[in-house]
Amino acid sequence: QEQLVESGGGVVQPGGSLRLSCAGSGFSLDDYVIGWFRRAPGKGREGVSCIAGTDGSTYYADSVKGRFTISRDNAKNTVYLQMNSLKPEDTAVYSCAAEAAFTSVQAMCNTPLYFDSWGQGTQVTVSS
């Protein structure tokens with residue numbers, strides 16, 4: 001059974017850092033596009049960053065560009081989201097998702113419906 005499990009969320013002060021992990025079981029993440037999405041209270045789901053399995057191409061939302069970095073560790077079957085210089089507006093539930101069919105990371109990151117498999121999410125709170 002395919003499963004994604006996120007970890008690494010928590011409470012951090014503005015300017016701080018967190019690293020989220022998305023661990024896969026039952027399938028190999030390196031064959032999939034993996035996306036990180038977030039949902040803040042009262043807002044819709046937003047694509048934060050995605051990474052392709054084929055060529056490793058990446059996409060970042062403008063709101064996180066230069067602050068967040070997505071990466072893979074295929075040996076650990078895990079995708080990471082390193083989040084630096086966190087801001088209160090980054091507060092949200094972060095979820096990872098996987099999709100085998102690849103079009104473009106930008107198009108897929110902006111369309112969560114592309115993704116079939118989702119994790120349960122992890123809360124990130126940025127507050128002083």
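Strands (E, at least two residues) and helices (H or I, at least four residues) are DSSP runs, numbered from the N terminus. The legends describe a predicted model, in which local features need pLDDT of at least 70 and side-chain atom pairs count only at pLDDT 80 or more, while totals for chains, interfaces and linings use all residues. Residues are numbered from 1 along each chain as its sequence is written, and side-chain values use heavy atoms, with hydrogens and water left out.

**View 1. Q123 in strand β11.** Q123 lies in β11. Its relative accessibility is 40%, so Q123 counts as partly exposed (buried is under 20% relative accessible area, exposed over 50%, partly exposed in between; 1.4 Å probe, protein chains only). Contact means heavy atoms within 4.5 Å; beyond its neighbours within four places in sequence, Q123 is in contact with G9, G10, T91, A92 and V93. A polar contact is a pair of N or O atoms within 3.5 Å; within protein, one must be able to donate a hydrogen and the other to accept it, and residues adjacent in sequence count only if both atoms are side-chain atoms. The side chains of Q123 and T125 form such a contact at 3.3 Å, and a polar side-chain atom of Q123 lies 3.4 Å from the backbone oxygen of A92.

**View 2. T91 in the loop between β8 and β9.** This loop joins β8 (78-83) to β9 (92-99) and contains T91. The T91 side chain reaches the backbone oxygen of P88 at 2.9 Å. A polar atom of the T91 side chain also lies 2.9 Å from the backbone nitrogen of V126. Not counting residues up to four places away in sequence, T91 touches A40, P41, Q123, V124, T125 and V126.

**View 3. The largest nonpolar core.** A nonpolar core is a set of buried Ala, Val, Leu, Ile, Met, Phe, Trp, Tyr and Cys residues joined through side-chain atoms within 4.5 Å. The largest one has 28 residues, of which I34, W36, F68, V79, L81, M83 and Y94 touch the most other members. β9 gives the most to this core, with four residues. Leaving aside neighbours within four places in sequence, the contacts of L81 include L20, W36, V48, F68, I70 and Y94.

**View 4. The open sheet β1-β3-β8-β7.** Four strands in this order make an open sheet with antiparallel pairing; two strands pair if DSSP finds at least two bridges between them. β1 (3-7) and β7 stand at the edges with a single partner strand each, so one side of each is left without a neighbour in the sheet. β3 and β8 pair over six bridges in the antiparallel sense, and S21 stands opposite Y80 in β8.
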